[in-house]
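Good morning. Please have the model open.

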Amino acid sequence: MGNMGTSKVITELKEFISFLQTLWGILAGVSVLFPLSNALIKIIPLGKWPDEGALKYFSPEQVTVITMLICLFVMFHIFCKRRLLKAEWEMNQKDFKGVSTEKRMQQNSVNSFFLGILALLVYFSITHLDFYPLFGWESDNPIYVFVDIFFLIFYSAFFGLVTRAFVLLGMTEYLSEQMESQ
């Protein structure tokens, strides 16, 4: 039983590595590291209020770790759905009905990318509003942790949605190559 479980893990790992070797798979893998690169390069402002950003209770490191976990989850979730997507793809190729799975995945990728950009624009907008003095939130009232949660949601949404866009394109390429090799 243990040997069978080990071979399944090895098979899964080989498939995952095969997925990551596609062009979009490489970009999907790299996109998981985008939040970490932002912590190093600081393109998107993420810091403590009032000096470097809008966060009051969460540290930039905490937000970065949560965001990276979300990106990892998105990548693994879509990868785990590959058999279902492949079966749906094969059914659509046989039936020629409606929008193909490939086109739907590509459209979902585009939608995710632009929703991610929208989330980033919202994040930029609310970080520049300077909420704390605007609403008299200079006190240390713990209720204002919800403002940090608001920032976390839009910051994470940007990276998660961009990761989803790349992973969907990677999965499209991966499944297309698998279909051709059959």
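Start with L33, which sits in the loop between α2 (23–31) and α3 (34–41). Helices here are DSSP runs of H or I with at least four residues, strands are runs of E with at least two, and both are numbered from the N terminus. L33 has a relative accessible area of 45%, so it counts as partly exposed. For that scale, buried means under 20% relative accessible area, exposed means over 50%, and partly exposed is in between, with a 1.4 Å probe and protein chains only. L33 and T67 are 34 residues apart along the chain, and their C-alpha atoms are separated by 9.7 Å.

Some ground rules. This is a predicted model, in which local features need pLDDT of at least 70 and side-chain atom pairs count only at pLDDT 80 or more, while totals for chains, interfaces and linings use all residues. Residues are numbered from 1 along each chain as its sequence is written, and side-chain values use heavy atoms, with hydrogens and water left out.

Now the overall layout. The chain has eight helices and zero strands, so its pattern along the sequence is α-α-α-α-α-α-α-α. Of the 182 residues in the chain, 37% are buried.

Next, the packing. Two packed helices are described by the angle between their axes and the distance between the axes. The axes are lines fitted to C-alpha atoms, for helices over the stretch in contact, and angles run from 0 to 180 degrees between N-to-C directions. Under 35 degrees counts as roughly parallel, over 145 as roughly antiparallel, 65 to 115 as roughly perpendicular, and the rest as oblique.

How do α2 and α8 pack? Their axes are 7 Å apart, at an angle of about 155 degrees. That makes α2 roughly antiparallel to α8, and their crossing is left-handed. Left-handed means that the near helix is turned anticlockwise from the far one by less than a right angle; right-handed means clockwise.

Helix α6 (residues 101–128) and helix α8 (residues 145–181) have axes that come within 8 Å and cross at roughly 160 degrees. The contact of α6 with α8 has 22 nonpolar, seven polar and two charged residues. Here Ala, Val, Leu, Ile, Met, Phe, Trp, Tyr, Cys and Pro count as nonpolar, Asp, Glu, Lys and Arg as charged, and the others, Gly among them, as polar. α6 and α8 are therefore roughly antiparallel, and α6 passes α8 in a left-handed crossing.

With α4, the axis of α8 comes within 9 Å and crosses at roughly 30 degrees. α4 and α8 are therefore roughly parallel, and this crossing is right-handed.

On to the core. A nonpolar core is a set of buried Ala, Val, Leu, Ile, Met, Phe, Trp, Tyr and Cys residues joined through side-chain atoms within 4.5 Å. The largest one has 34 residues, and those with the most contacts inside it include F19, Y155 and F158. α1 (2–20), α4 (60–80), α5 (82–95), α6 and α8 each supply at least two residues of this core. Which helix gives the largest share? α8 does, with 14 residues.

L161 also lies in α8, and is partly exposed at 23% relative accessible area.

Last, the cysteines. C71 is buried, at 0% relative accessible area, whereas C80 is exposed, at 56%. A search of the whole structure finds zero disulfides, a disulfide being a pair of cysteine sulfur atoms within 2.5 Å.
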